[in-house]
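Okay, thanks for coming, everyone. Let me put the structure up, and then I'll walk you through it.

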Amino acid sequence: MLELPEVATLHLLVTVAETGSLRQAAGLHGISQPAVSQRLRGLERRLGLTLLERSTVGSTLTPAGAAVVDWARPVLEASRELALGVAALRAEQAGQLRLAASMTVAEYLVPGWLARLHAAEPDLDVALRVGNSEQVAAMVRDRRADLGFVEGTSVPTGLRSRTVGADELLVVVAPGHRWSRRHAGVRPDELAAARLVLREEGSGTRDVFVRRLAAAGHRVHAGLELGSTTAIKAAVMAGEGPGVLSALAVGAELADGRLVAVAVRDLRFERRFRAVWLPGRDPSGPAARLMATATSSPGRRPRRAPARRGS
């Protein structure tokens, strides 16, 4: 049976095919040109084929060489997948977890999850990155995070998911805003027409709010876009206009009267929190244990603002 060539040598052959030069391939691989030539001649002897036509102006593939290069490319891709998988397993065994989370999840839920996980695994190291839901999904797709947590109405494209919790978005205003005295709440069309303070495009909070109003036949007007929950709360309290925020984020401000929740008639803005990961391999090690912790954590779902009768 033919002895299989080394992956590194196949990589050299593909590089020569792509550059047309032994010298350039040597530079890209950090070895000398004579070393490249020697290894490729050894590959030719092993396969019993002439793979390259060598000349003073460069190297070109023979028909047999072109066929071997075509077959080598999926082998190289598979070897890269193998290397990534092994690296992930080593990270798990070393007790390392790369985590990404949307802003609301990172600020109000992740600390509690990690506290419970660290109680059982005190030596676990966690690297947390924070962004909006679109950014978190991109981190997971690009393998910059082993596990992500997002908010919104749908599963990000190209990822698998599991629901780990839910909350509700509230419309909030400053105590002096005219809506703060609207005990019966506001109509959806009034809300859509207002100069609202919203998160930026790509935020799960904004996505849920816009989609729910669109389903009711209304288009949202964003008077001010801000990139964080803290900035929106400050703008709303300063009188910039009604804001839309997670109930998790405004509990303290509602309790002490700095913000007032306004009910929206016949409309609720519920959403889910999801763990997301790449398809093909379910979370394992610390990632799986964190997801289990998140799923089993007690819910923190504040009551919605009630609509009261009267003017």
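**A walk through the model**

Let's start with the annotation: UniProt, in an unreviewed entry, puts the feature "domain: HTH lysR-type" at residues 5-62. UniProt positions are in the numbering used here, feature names are shortened, and annotations may be inferred rather than shown by experiment. The span 5-62 is 62% helix and 14% strand, and its end C-alpha atoms sit 18 Å apart. When I say helix or strand, I mean DSSP runs numbered from the N terminus: H or I with at least four residues for helices, E with at least two for strands.

Quick housekeeping. This is a predicted model, where local features need pLDDT of at least 70 and side-chain atom pairs count only at pLDDT 80 or more, while totals for chains, interfaces and linings use all residues. Residues are numbered from 1 along each chain as its sequence is written, and side-chain values use heavy atoms, with hydrogens and water left out.

Now the overall layout. The chain splits into domain 1 (7-90), domain 2 (95-164 + 272-296) and domain 3 (167-270), with bounds from an automatic or database domain assignment. Between the C-alpha centres of domain 1 and domain 2 there are 39 Å.

Next, the core. The largest nonpolar core holds 24 residues, and V105, W113, L147, F149, V164 and L290 have the most contacts inside it. A nonpolar core here is a set of buried Ala, Val, Leu, Ile, Met, Phe, Trp, Tyr and Cys residues joined through side-chain atoms within 4.5 Å. Buried is under 20% relative accessible area, exposed is over 50%, and partly exposed is in between (1.4 Å probe, protein chains only). Two or more residues come from each of strand 3 (96-102), helix 5 (103-108), helix 6, strand 5, strand 11 and helix 12. As a general point, nonpolar side chains tend to be buried together in soluble globular proteins. Look at V164: not counting residues up to four places away in sequence, V164 touches W113, F149, F273, R274, A275, M291, A294 and T295. Contact means heavy atoms within 4.5 Å.

Rings of Phe, Tyr and Trp (its six-membered ring) pair if their centres lie within 6.5 Å; planes under 30 degrees apart are stacked, over 60 edge-to-face, and the rest tilted. W113 and F149 have ring centres 4.9 Å apart and planes at 50 degrees, so that pair is tilted. The pair links distant parts of the chain, with W113 in helix 6 (residues 110-120) and F149 in strand 5 (residues 147-152), 36 residues apart. Both W113 and F149 are buried. F209 and F269 also make a tilted pair, at 5.0 Å centre to centre and 45 degrees between the planes. Here F209 is in helix 9 (residues 204-215) and F269 in the loop between strand 10 (260-262) and strand 11 (270-277), 60 residues apart. F209 and F269 are both buried too.

On to charges. The count of salt bridges is 22, each one being a side-chain nitrogen of Lys or Arg within 4 Å of a carboxyl oxygen of Asp or Glu. Take R289 and E121, which meet at 2.4 Å, N to O. That one links R289 in helix 12 (residues 285-296) to E121 in the loop between helix 6 and strand 4 (125-131), 168 residues apart. R289 is partly exposed, at 38% relative accessibility.

Then there's R271, whose salt bridge with E151 has its closest N and O atoms 2.4 Å apart. R271 is in strand 11 and E151 in strand 5, so the pair ties together parts 120 residues apart in sequence. Is R271 buried or exposed? Buried, at 3% relative accessibility, and E151 is buried as well. Beyond four places in sequence, the contacts of R271 include T104, D167, L169 and S246.

Last stop, backbone. Most residues other than glycine have a negative phi. R143, not a glycine, has a positive phi of about 65 degrees, and lies in the loop between helix 7 (133-141) and strand 5. D266 has a positive phi as well, near 60 degrees, in the loop between strand 10 and strand 11. D266 counts as exposed at 84% relative accessibility, whereas R143 is partly exposed at 37%.
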